[in-house]
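Hi,

Here is the structure I promised to pass on. Have a look at it first, and then read my notes below.

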Amino acid sequence: MSAALFFAAIASRISRLRSPSGIPALLLTCAFCVMAFPLLSYASDRSDSHAPSPAAADAEPFWHRTMRLHAAEDGYRLLSPDKLATIPDTALLLDVRPDYEYQSGHIADAVNLEFDPGDADNLSPEKAAQLKEILGLDTKRMIVVYCRSFRCLRSGIAAKAAARLGYTNVWRMAEGYFGWLDVQEPQKGEAPGRCGSDAQTAVRRLPDHGLAILGGDADRRILGLPENAHTARLEDIRCDMLVVLFFNTHCIQCREQMIALEKLTRRINDAAGKARSTAPALLVGIGVQESKRTLATMRHGQEHPIPLFADPDAALFAASGFAGVPAAWLIGPTDASQREILMSATGEVAGNPDFRSLLFRMTGVPAWGIDDTATTTTDGATHAAHPARQ
């Protein structure tokens, strides 16, 4: 590019010259361009031969390059999730997420010690002693530290702290727990895919989060809670099957899925009749990074009331293991009569055949009597619901 500008500048100067032999300046300019073209092509080829290809430039994400620099600076190394299966049995896995995230799901044999951003500047003597006790006396032992995802800073803080304590074989799995889930093979009896796919049938325990009731007495009646209740846990909600939709008000697909799932659960309840003491199916929404005020306003504007809960700091969403919204849990009883997360789904949840099949089977309502295959979008258009990969 610079060569082209150079030759263009010379051609411009020639065009302004007066030729003493009477040759028009235009002809001199043309002659110069003809002679310069091979040189320009050669210069361009040489320049392009050393320029990185777009594929090479995009091979490593920017965040990974940044973390590589941090690792070299702070005395630890990076480990990709697909290499975790090759580490020795003597290695220690350190999960530095909050305990509720750890309890909701973690890598086998991992030990939990929560780190927070404040530990980066001032690691207390008590926390340092805790860390040293967990890591043990062998400073050459392989230590793998992980957090939630590559956006989480905790694992870098903990890895740096371990290196400063004298441990020389510290590794950080920067992609975190979500990154590890993404490279796992489906287990026997489990639907293909994990976070970000359509369905996941692994049974999981419910996180113990108290959620503020925003709809007052109307929500308490729908949820089957006492009149004086101000918060609710998912396991306290009275129904046969509970559909929990994680959403954000800025997500158009989230609004479409809320409408479709409300329609689906309402028709299941209508088909089941009023003979049951609890609702066969109930939908609640959890607004990820949404304020209580925003959701309370949204709740008042609903044609068919849906209890909504706020997750302003995305703590519950982080524990869910999902990577994006819309996403949903299907919660119901297990063989031990305990309520568990029976299935997770993302994308077009209402049209997911596995999600629908389990919901119909667990509520005892025949699917052939429910016609909700058309969902209305927020702009008034109607389209057929179908499973979609994100």
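A word on terms before anything else: I call a residue buried when its relative accessible area is under 20%, exposed when it is over 50%, and partly exposed in between (1.4 Å probe, protein chains only). Helices (H or I, at least four residues) and strands (E, at least two) are DSSP runs, numbered from the N terminus.

Please keep in mind that this is a predicted model, where local features need pLDDT of at least 70, side-chain atom pairs count only at pLDDT 80 or more, and totals for chains, interfaces and linings use all residues. Residues are numbered from 1 along each chain as its sequence is written, and side-chain values use heavy atoms, with hydrogens and water left out.

**The overall picture**

The protein has 13 helices and 15 strands. Of its 390 residues, 45% are buried. Contact here means heavy atoms within 4.5 Å; among contacts between residues at least 6 apart in sequence, 64% join residues at least 24 apart. The accessible surface comes to about 21100 Å², and carbon and sulfur atoms account for 55% of that (Shrake-Rupley method with a 1.4 Å probe; for residues, only the protein chains shown count as cover).

**Helix 7**

Start with helix 7, residues 154-164. Because 9 of its 11 residues are buried, the helix is largely enclosed by the rest of the structure. The buried ones are Arg154, Ser155, Gly156, Ile157, Ala158, Ala159, Ala161, Ala162 and Ala163. After the helix comes Gly166, with a positive phi near 105°.

**Charged side chains**

Side chains of opposite charge can pair when their charged atoms come close. I count a salt bridge when a side-chain nitrogen of Lys or Arg is within 4 Å of a carboxyl oxygen of Asp or Glu, and a search of the whole structure finds 8 of them.

Glu114 sits in the loop between strand 3 and helix 6 (125-135) and Arg154 in helix 7, so the pair ties together parts that are 40 residues apart in sequence. Glu114 is partly exposed at 35% relative accessible area, whereas Arg154 is buried at 16%.

Another joins Arg97 to Asp95, with the closest N and O atoms 2.8 Å apart. Arg97 is buried at 2% relative accessibility, and Asp95 is buried too, at 0%. The charged end of Arg97 also sits over the ring of Tyr177, 4.4 Å from its centre. For that label, NZ of Lys or CZ of Arg has to be within 6 Å of the ring centre and within 35 degrees of the ring normal. Lys127 does this as well, lying over the face of Phe115 at 4.6 Å from the ring centre.

Arg233, Glu235 and Asp236 are linked in a network of salt bridges. Within it, the closest N and O atoms of Arg233 and Asp236 are 3.3 Å apart. Arg233 is partly exposed at 30%, and so is Asp236 at 33%.

Which buried arginine has no salt bridge? That is Arg172, whose nearest side chain of opposite charge, Asp74, is 7.2 Å away (Lys and Arg count as positive and Asp and Glu as negative; His and the chain ends are not counted). Arg172 lies in strand 5 (residues 170-173). Leaving aside residues up to four places away in sequence, its contacts include Met67, Tyr76, Arg77 and, from helix 7, Ser155, Gly156 and Ala159.

**Aromatic rings**

Rings of Phe, Tyr and Trp (its six-membered ring) pair if their centres lie within 6.5 Å; planes under 30 degrees apart count as stacked, over 60 as edge-to-face and the rest as tilted. That rule gives 5 aromatic pairs. Phe246, Phe317, Phe322 and Trp329 form one aromatic cluster.

**Backbone points to check**

Most residues other than glycine have a negative phi, and most peptide bonds are trans. Asp109, though not a glycine, has a positive phi of about 75°. Asp109 is in the loop between helix 5 (99-104) and strand 3 (111-112), and it is exposed at 72%. Gln289 also has a positive phi, about 60°, and is exposed at 57%. Its place is the loop between strand 10 (281-288) and helix 11 (292-300).

Lastly, the peptide bond from Val325 to Pro326 is cis, with omega near 0°. Pro326 is in the loop between helix 12 (315-320) and strand 12 (327-333).

Cheers
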